[in-house]
Amino acid sequence: MASVLIRNACLLPIDEHMSVIETGWIHTEGSTIRALGSGEPPQVDGAEIIDAEGDVIMPGMVNPHAHLAMTLFRGLGEDVDDRLFRYVLPMERKFVTPEMVRVGTLLGALESIEAGVTTIADMYYYETEVGRALDQAGLRGVVGQTLATFNPPDHKTIDEGFALVEELVSEFSGHDRITPSIAPHAPYSTDIEVMASVARWAEAHRDVPVQLHLAEMDSEMEWCRKNHGLRPVAVVEKAGLLLPGLIAAHCLHIDPFEIERMAKADVRVAHNARSNAKAGRGIAPIEAMRAAGIKVGIATDGPMSGNTLDLFSQFGPVSMFQKLLGHSRKPMPAAQVIRMATLEGAQVLGLDSRIGSLEPGKQADLIRIDLSAPRLQPVYDIYATLVFSGMPMDVQDVMVGGRWIMRDRNVESLERKKIMRDAGQIAMTFKAEMARIDAAG
């Protein structure tokens, strides 16, 4: 069992008080954290000794909502109003294959590792390939097989979709790092009958998380009103899917009564500030949610929507948008942003007993952040420094389950050149298809 002792670190355990241990140490053994503390570390025979030289050591970050394979659609048709229907949906149906999903997920995994993200909740198609790619990368993941009725690429009927879910569960049930999940796409793309079927399935498979887009956009609100005379949260509740542990992405258009219902049901929320703002969809009331007891994590959404898969890019919008709503600097303080990016994100995924904070007995998922860049100095409040000045390039080392998967900015678990080459080849196919679509008018 590998033993690692990191000393002379600015340690952020992410405890109840959001403590900062200015000069701290942490000892990992095998896949778990053995001990941590302040001052001089104990003598540990046989351990690899690392001098952090004052750098930050903190838990790996948790991204509770993404569509990793959509890295291959990143930047496509950004200035085209109808890009979803003109390009994306037709191209998904034509080109999304297990191989495309594998390549896109590996590209997303590479980006995530370099940004200090160690756990990702994904929902897309051919999700068994996503699980395999995350496993290859050495990451931790909650991988959700999407179910939808809009003729998605990997299933023509809901029964075929459930078969893919069963395949996913069969492959990854009991896996140490990969958790299978079921992901009905959204109320408008599944309707009550499919969500009710998922609710019944989930009741029989309580160890399998459920992921869902919820209350994300005006057209969804109108669809729910027109077809059911209800708002999206009520539609989901009517279907029996407002379940404990439901991972609900977005939740932009919810009122105080719905927040109360969601809190009572123990629904968790993946907040996507950057992608929501980029689409002009609004600002989620996350301070009100958290005040009601709802766990809220910081997510990236898909890289077609939000463009990046790092949480640093989310931190500013997460904090600033709540300050705009409150007309004050006080809402969404920096320490709470980092808490949402780590422990609270783990709570959203139901993994907080294993990850999200630095505690003896938890998994050794941690990152080292170099503070030597001029934009990071001086440091008065380390949380504010990370939230408002930090960038992915500041992450130097990444450990997951006691295994270093990045050292000195070199990702050791993946073949960077091959991933970039494979992604580039698929992008050439996409460009040719876009040109064909444009030529056809």
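Which residues does Phenylalanine 73 touch, not counting residues up to four places away in sequence? In this predicted model, these are Val88, Met91, Glu92, Met100, Tyr124, Met304 and Phe430, where contact means heavy atoms within 4.5 Å. Residues are numbered from 1 along each chain as its sequence is written, and side-chain values use heavy atoms, without hydrogens and water. Because the model is predicted, local features need pLDDT of at least 70 and side-chain atom pairs count only at pLDDT 80 or more, while totals for chains, interfaces and linings use all residues.

Phe73 is, with Met289 and Phe315, among the residues with the most contacts inside the largest nonpolar core, which has 120 residues. A nonpolar core is a set of buried Ala, Val, Leu, Ile, Met, Phe, Trp, Tyr and Cys residues joined through side-chain atoms within 4.5 Å; buried means under 20% relative accessible area with a 1.4 Å probe, protein chains only. Helix H2, residues 98-114, gives the most to this core, with eight residues. A second, separate core of 15 residues includes Ala9, Ile26, Ile57 and Leu358.

Of the 441 residues of the chain, 60% count as buried. The chain contains 15 helices (DSSP H or I, at least four residues) and 17 strands (E, at least two). Among its contacts with a separation of 6 or more, 72% are accounted for by residues 24 or more positions apart. The C-alpha atoms fill a box of roughly 65 × 50 × 45 Å, taken along the principal axes.

Note on methods:
Buried < 20%, exposed > 50% of the residue type's maximum accessible area, 1.4 Å probe, protein only.
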